[in-house]
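Open the structure in the viewer and keep the sequence panel beside it. The tour below goes from one selection to the next and says what is there.

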Amino acid sequence: MDFYCSGLLAKWIKQGTEVNLVVVTSGDKGSNVFGTDPQRLVLTREQEQLASAKIVGIQEVVFLHYPDGELVFANKRNLQSDIVRQIRRFKPEILVTHDPMTRLKRVHSDHRTVGEVVRDAAFPISEICNCYPEQINLEGLETWQAHRLMYFDTDLPNYFVDIQEVLQTKIKAISQHCSQEYIFTGGSASCITNRASKIGAKYGLEAAEEYLVINLVESH
């Protein structure tokens, strides 16, 4: 979230939009130090994510605690059920997630899997009462249909957003992930700035993010 779409989310929140975050994997393998205690790393990364979310203004963060790097081997029914549950809980107008169909750049397998499951959960599963009926009968949830799906890290963007006014918020948010700083050659702030500038240049802006937007509600 912090790297790909926190600019968009920060702008929405400034305008009064409620934003909630669902984190699927625990990040228990996200360290460049061999033999790092995975449970300790999970706690560290959750605290970093909570700190980042607070800076952006996110209302609630949900951790689903799936093992890092192994999502392709997860029980897909359970994973889809967990995603559908959060859609029915929060009733979002817009879902923002990874593009599972990106072909022209490398994609983490966990990211691709999340994008696929969210896509299928968003339409039509979450609005069908006979899909995971226990959520309705036992948990008191209701069916829900989001209006739009927005993919980040896409190679087929059809929408962009100017994030210059919230760029420092984005940089501050990503800086909370101290355990992941090793990933960013030259530092996370530099990487965020360069990426936003590169995307912005395509649209005549100083800093931008781009997305593939898909309508989930058909108009007639």
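Select helix α1 and colour Ser6, Gly7, Leu8, Leu9, Ala10, Lys11, Trp12 and Ile13, the buried residues of this helix. Buried means under 20% relative accessible area, exposed means over 50%, and partly exposed lies in between, with a 1.4 Å probe and protein chains only. Helices (H or I, at least four residues) and strands (E, at least two) are DSSP runs numbered from the N terminus.

The model is predicted: local features need pLDDT of at least 70, side-chain atom pairs count only at pLDDT 80 or more, and totals for chains, interfaces and linings use all residues. Residues are numbered from 1 along each chain as its sequence is written, and side-chain values use heavy atoms, with hydrogens and water left out.

Now show what lies over α1. The cover of its buried residues includes α2 (38-56), β3, β4 (148-152), β5 (159-162), α6 (167-174) and β6 (208-215); contact here means heavy atoms within 4.5 Å. After α1 comes Gly16, with a positive phi near 100°.

Zoom out to the whole chain. There are 7 helices and 6 strands, in the order α-β-α-β-α-β-α-α-β-β-α-α-β from the N terminus. The C-alpha trace spans about 50 × 50 × 35 Å along its principal axes. Of the 220 residues, 46% count as buried. Among contacts between residues at least 6 apart in sequence, 77% join residues at least 24 apart.

Next, select Asp99, in the loop between β3 (94-98) and α4 (109-122). A salt bridge is a side-chain nitrogen of Lys or Arg within 4 Å of a carboxyl oxygen of Asp or Glu.

A polar atom of the Asp99 side chain lies 2.9 Å from the backbone nitrogen of Met101. Leaving out residues up to four places away in sequence, Asp99 touches Tyr151, Phe152, Asp153, Thr154, Asp155 and Leu212.

Then turn to the salt bridges, of which the whole structure has 13. Select Lys29 and Glu70, whose side chains form one of 2.9 Å, N to O. Lys29 is in the loop between β1 (20-25) and α2, and Glu70 is in the loop between β2 (60-66) and α3 (76-90), so the pair ties together parts 41 residues apart in sequence. Lys29 counts as partly exposed at 46% relative accessibility, and Glu70 counts as partly exposed at 35%.

Move to Glu139 and Arg85, another salt bridge at 2.9 Å, N to O. Glu139 sits in the loop between α5 (134-137) and β4, and Arg85 sits in helix α3, 54 residues apart. Glu139 is partly exposed, with a relative accessible area of 39%.

Finish with Glu142 and Lys91, whose side chains meet in a salt bridge of 2.5 Å, N to O. Glu142 is in the loop between α5 and β4, and Lys91 is in the loop between α3 and β3, 51 residues apart.

Conventions: Polar contact = N/O pair within 3.5 Å; in protein donor to acceptor, adjacent residues only side chain to side chain.
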